[in-house]
Amino acid sequence: TYQVVVKVVCWRSWRCPKWHIFTEQHEPPVLGGNIVILQNEVDVVTVCKPASVPVHPCGQYRKNTVVGIMEAEHGLTPLFPVHRLDRLVSGLLIFAKSAERAECFRQQIEANLLQKEYVAKVVGVFPEGEQTVDANVNFNAREGRSTVEVSNGPGKALPSGKQACTKFQRICTDGNHSIVLCKPVTGRTHQIRVHLKHLGYPIANDELYVSGDFCPRSSKGTSIHRETSLACSLPSSDPDNSAEADLKFGIDPMCTNCPNLAPVGYDGDEEGLWLHCVRYTGPDWCYECPYPEWASLDNVSGKKMKPDVPPEN
């Protein structure tokens, strides 16, 4: 995994009679998968994003992003993301190399001229034929999850959330799991994940939606975490550390983010979702990404499966 640590040091001394503090900021690690460049054109570059890497700087992430890694390892900058993928989702990412090309993509998206395709590995035997879910999606930022909102009938209150529609087609099944082609018509947060759960076939390794048990963001930040943050922010009590040249860093035993200690919120076993973007199609262009290993017919379970709908080429 990649891990970035930024340390900022301040102090108070007779030379500078101001209070300063020592703070320590840790960028969460990401899985060490390679970002494969698929196509590198004059004004567009497409890549296969590995799971766990965010697309661009956000939240706690600054360097461990696709944009940051593409600049550091390939010198590609600036890059303008045409679309986004959730951090734990893998697959096709399209970047424009100029603001003009990005604006062209934006206009096509607003005109609803793009078609998106994903593959997912879900629990159970997904029904044959095309299945369409037309149900509003309501994202709760505090809890970090979405819910499906549907009308309860004539005269009832209208569902909340944003209008969302996804079309699904089973590719194959082995009786325990199914590989499903997902075509979101709209682009809401966690839309494919929550629509599959609404149908009763959640993504098999999606801990957020595969069951009703989850830890909302609002319940995080317990006292031990606050104490840890405080311990990392306290100035040193060593009288010798009164000048910048004498300041030294050590591992704080209360800090779960210090070297050789597990970062907060990561158990070392994080894996990507079985949800992968495979294709984006526009009016006069089409970009594709190879299928992941878990979507192969031999890899869903121990036995060979008979495909219902072969993947498009």
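Helices (DSSP runs of H or I, at least four residues) and strands (DSSP runs of E, at least two) are numbered from the N terminus. By this count the protein chain has 4 helices and 15 strands.

This is a predicted model, in which local features need pLDDT of at least 70 and side-chain atom pairs count only at pLDDT 80 or more, while totals for chains, interfaces and linings use all residues. Residues are numbered from 1 along each chain as its sequence is written, and side-chain values use heavy atoms, with hydrogens and water left out.

**The whole chain**

Buried means under 20% relative accessible area, exposed over 50%, and partly exposed in between (1.4 Å probe, protein chains only). Of the 313 residues of the protein chain, 40% count as buried. The accessible surface, computed by the Shrake-Rupley method with a 1.4 Å probe, comes to about 17,500 Å². Carbon and sulfur atoms account for 52% of that surface. A contact means heavy atoms within 4.5 Å. Among contacts between residues at least 6 apart in sequence, 65% join residues at least 24 apart.

Two strands pair if DSSP finds at least two bridges between them. Strand 4 does this with two strands, as the table shows.

| Pair | Sense | Bridges | One bridge |
|---|---|---|---|
| Strand 3 and strand 4 | antiparallel | 4 bridges | Asn40 and Val45 |
| Strand 4 and strand 6 | antiparallel | 6 bridges | Lys49 and Gly91 |

A hairpin joins strand 3 to strand 4 through 3 residues.

**Two helices**

Helix 1 covers residues 66–74, and its buried residues are Val66, Val67, Gly68, Ile69 and Met70. What covers them includes strand 3, strand 4, strand 5 (80–81) and strand 6 (90–96). Gly75 follows helix 1 and has a positive phi, near 70°.

Helix 3 covers residues 191–199, with Gln191, Ile192, Arg193, Val194, His195 and Leu196 buried. Just after helix 3 comes Gly200, with a positive phi of about 95°.

**The nonpolar cores**

A nonpolar core is a set of buried Ala, Val, Leu, Ile, Met, Phe, Trp, Tyr and Cys residues joined through side-chain atoms within 4.5 Å. The largest one has 46 residues, and Ile94, Phe95 and Leu196 have the most contacts inside it. Elements that each supply at least two residues of this core include strand 4, helix 1, strand 12 and helix 3. Strand 6 gives the largest share, 5 residues. Leaving aside neighbours within four places in sequence, Phe95 is in contact with residues including Val45, Val47, Val66 and Val67. A second, separate core of 8 residues includes Ile171, Val278, Trp294 and Ala295. In soluble globular proteins, nonpolar side chains tend to be buried together.

Ile179 is found in strand 12 (residues 177–184). Ile179 counts as buried because its relative accessibility is 1%. Its C-alpha atom is separated by 6.8 Å from that of Val119, 60 residues apart along the chain.

His190 is found in the loop between strand 12 and helix 3. Its relative accessible area is 11%, so His190 is buried. A polar contact is a pair of N or O atoms within 3.5 Å; within protein, one must be able to donate a hydrogen and the other to accept it, and residues adjacent in sequence count only if both atoms are side-chain atoms. One of 2.7 Å joins the side chains of His190 and Tyr209. Beyond its neighbours within four places in sequence, His190 is in contact with residues including Asp86, Phe139 and Leu208.
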